[in-house]
Amino acid sequence: MLPRIDLHTHSTASDGTLSPPQLVRAAAEAGLDVVAITDHDTTAGWEPALQALPGGLRLVRGAELSCRWNGVEPSLPLHLLAYLFDPDAPELVAELALVRAARLQRGERIVALLRADGIDVSWPEILAGAGGGTVGRPHIAQALIRAGLVATTTEAFGPDWLGERYRLPKEDIDVFQAVRLIRAAGGVPVFAHPRATRRGRIVPDELIAELAAAGLAGLEADHEDHSPAERAHVRGLAADLGLLVTGSSDFHGTHKTVQLGAFTTAPEAYERIVAESSGVVEVASG
């Protein structure tokens with residue numbers, strides 16, 4: 001039987017609802033053979049996940065980097081999954097610290113806008129809810145749910161709330177710079193959900209070709225936010241550019257309905273990622 005490989009998950013180190021130890025235990029219980037921890041712009045979950053790694057499960061250490069393409073106006077946000085990079089690479093460490101600080105500032109500004117409109121949400125409470133993890137809009141969404149203003153995270157991300165009315169831009173890493181930094185740190189960059197039109201604007205295929213020439217290794221095709229046609233398009237583009245293809249759940253715990261292992265990566269793509277990396281090794285627990 002082929003191994004089950006999920007290369008995109010989040011813990012409480014960013015905006016997931018399971019702690020890193022709970023995440024790896026849940027991955028084992030879900031029948032996964034390999035799981036990647038890819039919290040937003042942080043490696044804080046790596047060590048707790050390693051310490052709790054169940055027998056028989058392989059852990060791929062990674063992060064999901066907040067990036068931006070400045071080739072259009074307004075600039076376009078996008079995410080890169082960075083796998084098996086050196087967490088001590090100075091340039092990358094510095095950039096991630098800046099992005100986390102920008103996320104914090106944006107969160108506080110969003111809460112100030114909500115409060116100015118008479119919406120009773122508390123920034124200290126949201127910070128406490130993040131538990132020291134990277135603060136994101138899902139944490140503010142949870143505060144809106146607790147206040148009885150919306151019923152679900154999906155509703156909180158709608159146009160009346162965090163999707164438009166109370167949405168603010170944040171500082172991100174230039175995507176070409178991010179690819180360079182990931183590669184310089186021995187990591188392997190994969191474009192997360194590149195064709196997910198339901199999330200908003202998407203980048204043109206021409207940009208992905210330029211990123212491939214700059215060192216992008218792969219595209220995430222199988223993802224809950226891709227339609228079947230979008231998945232097929234991503235696969236075709238990857239084939240044209242010689243890029244590997246991944247599939248993953250983008251699991252966030254109860255912040256989303258998708259479950260661990262809902263989409264998976266082929267062993268050949270996973271092996272390419274491991275072979276191309278030189279930052280940290282994958283880890284297996286006996």
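# Exercises on caps, faces and salt bridges

Aspartate 174 caps the N-terminal end of helix 7, with one of its side-chain oxygens 3.1 Å from the backbone nitrogen of phenylalanine 176. Helices (H or I, at least four residues) and strands (E, at least two) are DSSP runs, numbered from the N terminus.

Before you start: this is a predicted model, where local features need pLDDT of at least 70, side-chain atom pairs count only at pLDDT 80 or more, and totals for chains, interfaces and linings use all residues. Residues are numbered from 1 along each chain as its sequence is written, and side-chain values use heavy atoms, with hydrogens and water left out.

## Exercise A: a helix with a hidden side

*Step two.* Go through residues 175-184, and you'll pick out Val175, Ala178, Val179, Leu181 and Ile182 as buried.

*Step four.* Now look at what covers them: the list includes strand 3 (58-69), strand 4 (76-83), helix 3 (90-116), strand 5 (173-174), strand 6 (188-191) and helix 8 (205-214). Contact here means heavy atoms within 4.5 Å.

*Step five.* Walk off the end: just after helix 7, glycine 186 has a positive phi of about 80 degrees.

## Exercise B: a strand with two neighbours

Describe both faces of strand 6 and say which way strand 4 and strand 7 run beside it.

*Step one.* Val188 and Val190 lie on one side, Pro189 and Phe191 on the other, and all are buried. That's a pattern you'll know: in a regular strand the side chains alternate between the two faces of the sheet.

*Step two.* Strand 4 and strand 6 run antiparallel, joined by four bridges. Two strands pair if DSSP finds at least two bridges between them. Tyrosine 83, for instance, has valine 188 in strand 6 as its bridge partner.

*Step three.* Strand 6 and strand 7 (residues 218-222) run parallel, with two bridges. Across from phenylalanine 191 you'll find leucine 219 in strand 7.

*Step one.* Locate arginine 137 in helix 5 (residues 137-146).

A salt bridge needs a side-chain nitrogen of Lys or Arg within 4 Å of a carboxyl oxygen of Asp or Glu.

*Step four.* Apart from neighbours within four places in sequence, arginine 137 contacts Arg106, Ile110, Phe157, Leu162, Gly163 and Arg167.

Where does aspartate 250 lie, and which arginine does it form a salt bridge with?

*Step one.* Look in the loop between strand 8 (244-247) and helix 10 (267-276). Aspartate 250 has a positive phi, near 55 degrees, although it is a residue other than glycine.

*Step two.* The partner is arginine 199, with the closest N and O atoms 3.2 Å apart. Arginine 199 is in the loop between strand 6 and helix 8, so the pair ties together parts that are 51 residues apart in sequence.

*Step three.* Compare accessibility: aspartate 250 is buried at 2%, while arginine 199 is partly exposed at 36%.

*Step four.* Zoom out, and Arg198, Arg199, Glu224, Asp225, Asp250 and Lys256 form a network of salt bridges. The whole structure has 16 salt bridges.

Conventions. Buried < 20%, exposed > 50% of the residue type's maximum accessible area, 1.4 Å probe, protein only. Polar contact = N/O pair within 3.5 Å; in protein donor to acceptor, adjacent residues only side chain to side chain.
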